[in-house]
Amino acid sequence: MKAYERLLNYVKVPTPSNEKSGTHPSSECQRVLADQLAEEMKALGVSDVRVEDKCYVYGKIPATKGYEGKTKLGFIAHMDTVSDYCDHDIIPVVHKNYDGGDLPLGTSGRTLTVKDFPHLPSLAGRTLITTDGTTVLGADDKAGIAE
């Protein structure tokens with residue numbers, strides 16, 4: 001599975017944080033994504049995969065032969081998203097071969113304009129993934145997880 005395909009799966013899992021909860025994770029829906037990640041890691045052959053009580057997901061990948069004595073490396077990404085606009089399904093939109101112009105966000109009436117985002121034309125020809133304009137996408141953290 002490609003990273004963008006994983007991202008599309010992850011952003012569909014609502015993981016809004018709850019600043020008032022006082023618990024970790026701050027909302028139990030985050031555990032749904034944690035369990036999904038743990039299963040995917042196991043399927044990829046990652047060892048010692050576990051989801052801890054505070055919803056941290058861990059796993060180990062052995063060093064490539066000849067690099068066993070090198071410095072160990074860890075990757076960290078968070079699963080929670082802002083709670084704004086998370087009261088319904090999250091629908092990512094894939095814009096293949098983006099034309100570099102204003103970018104409508106689904107049928108929401110919202111648009112990313114070149115006026116407001118002058119770097120958009122530099123992305124022409126690429127595939128972009130956005131929200132449909134009615135929810136947050138959560139890619140700030142879930143893209144890191146997908147990678």
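Is Glu28 buried or exposed? At a relative accessibility of 52%, Glu28 counts as exposed, where exposed stands for over 50% relative accessible area, buried for under 20%, and partly exposed for the range in between (1.4 Å probe, protein chains only). The model discussed here is predicted, so local features were required to have pLDDT of at least 70 and side-chain atom pairs were counted only at pLDDT 80 or more, while totals for chains, interfaces and linings use all residues. Residues are numbered from 1 along each chain as its sequence is written, and side-chain values rest on heavy atoms, with hydrogens and water left out.

We can start with the overall fold. Three helices and six strands make up the elements of the protein chain, taken as DSSP runs numbered from the N terminus (helices H or I, at least four residues; strands E, at least two). Their order from the N terminus is α-α-β-β-β-β-β-β-α. Along the principal axes, the C-alpha atoms fill a box of roughly 50 × 45 × 25 Å. Among contacts (heavy atoms within 4.5 Å) with a separation of 6 or more, 61% are between residues 24 or more positions apart.

The protein chain carries 17 positive and 21 negative side chains, with the centres of the two sets 7 Å apart. In this count Lys and Arg are positive and Asp and Glu negative, leaving out His and the chain ends, and each charge is placed at NZ of Lys, CZ of Arg, CG of Asp or CD of Glu.

Side chains of opposite charge can pair when their charged atoms come close. Five salt bridges were found in the whole structure, each defined as a side-chain nitrogen of Lys or Arg within 4 Å of a carboxyl oxygen of Asp or Glu. One of them joins Arg6 and Glu40, at 2.8 Å from N to O. This pair links distant parts of the chain, with Arg6 in helix H1 (residues 3-11) and Glu40 in helix H2 (residues 29-43), 34 residues apart. Arg6 is buried at 13% relative accessible area, and Glu40 is buried at 18%.

The exposed Glu28 meets Arg31 in a salt bridge of 3.2 Å, N to O. Lys60 and Asp48 form another, at 3.7 Å from N to O. Here strand E2 (residues 57-60) holds Lys60 and strand E1 (residues 47-51) holds Asp48, 12 residues apart. Lys60 is partly exposed at 48% relative accessibility, and Asp48 is partly exposed at 47%.
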